[in-house]
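Thanks for sending this one over; here are my notes as numbered points. Please read them with the structure open beside you.

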Amino acid sequence: MPAVRANHLYKVFGKRASQAVALLSDGRHRDTIKDLNVTAAVIDVSFEVQPGEIFVVMGLSGSGKSTLIRMLNGLLPPTAGTVEIDGTDITTLSRRALRALRGEKISMVFQHFALLPHRTVLENAAYGLEVRGVSRAERHERAAHALDLVGLGDWKDHLPNQLSGGMQQRVGLARALTADTDIILMDEAFSALDPLIRRDMQTQLLQLQAQIGTPEEILNHPADDYVARFTEDVDRSRVLTAASVMEPAPKAEAADWERVAPDAPVVELFQRVAACDSPLAVVDKEDRVIGAVSPTTILSALAMPEEASSAVPSLANGAPSSTGRSPRSGTSSPNPRSPS
Ligand SMILES: Nc1ncnc2c1ncn2[C@@H]1O[C@H](COP(=O)(O)OP(=O)(O)OP(=O)(O)O)[C@@H](O)[C@H]1O
Ligand SMILES: [Mg+2]
């Protein structure tokens, strides 16, 4: 299933927008509907973005890129057409559901930064997590880490207006990274950066991008050294689950063993496995045995994976890794007929 799907999207500004869409979808050129006094910003755009993919939309100034991207997260309602995020048509969602979706699934780096002027750089970077109700300590820790990544570690306590445009743009990037959502929408997110920093930021992003998967997969199979270092301090017993560490079970014997759910974190299995003479049986919803966990299973799972990253090519040159996730240009620009 595509992560994002735009389906015959239109955005027309002006009172007679619907009438304009009817004419445009009939094949009329935007120049021929000038008498309607509307601005047709996005005309019949359809595309799909698969998980792990970088999708780029290019177009001249005023061609509708910002308008299009704002429809993808529901900040602007389309005049016609639909947007699906993970299969859900977001054009039918209530405002509240949309806000929740933005909090959990989609972050956005705005063309004009959109920072909160009276909050510090750290609070701005942590904002997405604040909206989600993450504790102050945790959101500040994660925001501080993202600010380090974008080279603003020393600016946490400053206010946005004390920063240059490029620095403010990096706060916007840090805010999106901190939110750690599956989808990041970037509206010319690197435009205000000088070429050196821009390249550095793009490389950072590709590295994060190359690393997708569940937390368990990332811990066990980091895409490269950078990610491996990133996860070094993670308490593996809290991330790994029974299902991810279990071994094949001898079905007959396992029938009598104590049972655990596949999603039980390993940290909860320590005591239980120590208190039993036998291993634990991991069972599915229908109480069928799908695996076994013994003290040895747990110990070997908690050991760091061996140089899992060494086989993966370095990302130092900014190229995406061998996973084949390369930038792809849009098959349709926001407003193909409008180099105005
Ligand atoms: N809220 C609005 N009301 C009326 N017209 C608008 C509105 N927002 C955008 N437009 C118009 O829609 C068109 C597309 O604007 P948009 O900002 O999407 O372009 P863009 O491709 O992002 O340009 P740039 O590269 O300069 O950022 C422009 O003609 C603009 O004037
Ligand atoms: Mg724009």
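1. Ala-80 touches His-8, Tyr-10 and Val-21, leaving aside residues up to four places away in sequence. Ala-80 itself sits in strand β4. Is Ala-80 buried or exposed? There are 21 C-beta neighbours inside 10 Å, so Ala-80 counts as buried; the cut-off for that is 20 or more. Val-42 lies 38 residues from Ala-80 in sequence, and the two are 10.0 Å apart in space, C-alpha to C-alpha. Do keep in mind throughout that this is a predicted model.

2. Now the sheet around that residue. It is an open sheet of 4 strands, in the order β2-β1-β4-β5, with antiparallel pairing.

3. The β4 to β5 connection deserves a look. Strand β4 (residues 80-85) pairs with β5 in the antiparallel sense over 2 bridges, and Ile-85 stands opposite Thr-88 in β5. In the loop between these two strands is Asp-86, which has a positive phi of about 50° although it is not a glycine. Asp-86 has 15 other C-beta atoms within 10 Å, so it is partly exposed.

4. Strand β9 (residues 280-283) joins β10 in the antiparallel sense over 4 bridges, with Val-283 opposite Val-289 in β10. Asp-287 lies in the loop between β9 and β10, and its phi is positive, about 65°, although it is not a glycine. Is Asp-287 buried or exposed? Asp-287 has 8 C-beta neighbours inside 10 Å and therefore counts as exposed.

5. On to the ligand. Which residues surround ligand 1? They are Phe-13, Thr-39, Ala-41, Gly-59, Ser-61, Gly-62, Ser-63, Gly-64, Lys-65, Ser-66, Thr-67 and Gln-111. The elements giving two or more residues to this shell are β2 and α2; α2 gives the most, with 3 residues. By class, the shell divides into 2 nonpolar, 9 polar and 1 charged.

6. Strand β6 (residues 106-109) shows a clear side-chain pattern. Ile-106 and Met-108 point one way, Ser-107 and Val-109 point the other way, and all are buried. In a regular strand the side chains alternate between the two faces of the sheet. β6 runs parallel to strand β7 (residues 183-186), and 4 bridges join them. One of the bridge pairs links Val-109 with Met-186 in β7.

7. Next, the nonpolar cores. The largest has 53 residues, and those with the most contacts inside it are Ala-125, Leu-147 and Ala-174. Helix α7 (residues 165-179) gives the most to this core, with 7 residues. Ala-125 touches Ala-143, Ala-146, Leu-147, Val-171, Ala-174, Arg-175 and Thr-178, not counting residues up to four places away in sequence. A second, separate core of 20 residues includes Ala-249, Ala-254, Leu-280 and Ala-292.

8. Finally, some whole-chain figures to set these points in context. The secondary structure of the protein chain comes to 15 helices and 11 strands. Of its 340 residues, 34% are buried. Among contacts with a separation of 6 or more, residues 24 or more positions apart account for 65%.

Note on methods. Residues are numbered from 1 along each chain as its sequence is written. Chains are lettered from A and ligands numbered from 1 in the order in which they are written. This is a predicted model: local features need pLDDT of at least 70, side-chain atom pairs count only at pLDDT 80 or more; totals for chains, interfaces and linings use all residues. Two strands pair if DSSP finds at least two bridges between them. A residue is near a molecule or strand if its C-beta atom, placed from the backbone, lies within 6 Å of it. Ala, Val, Leu, Ile, Met, Phe, Trp, Tyr, Cys and Pro count as nonpolar, Asp, Glu, Lys and Arg as charged, and the others, Gly among them, as polar. A residue is buried if 20 or more other C-beta atoms lie within 10 Å of its own, exposed if 12 or fewer, and partly exposed in between; C-beta atoms are placed from the backbone. Two residues are in contact if their C-beta atoms, placed from the backbone, lie within 7 Å. A nonpolar core is a set of buried Ala, Val, Leu, Ile, Met, Phe, Trp, Tyr and Cys residues joined through C-beta atoms within 7 Å.
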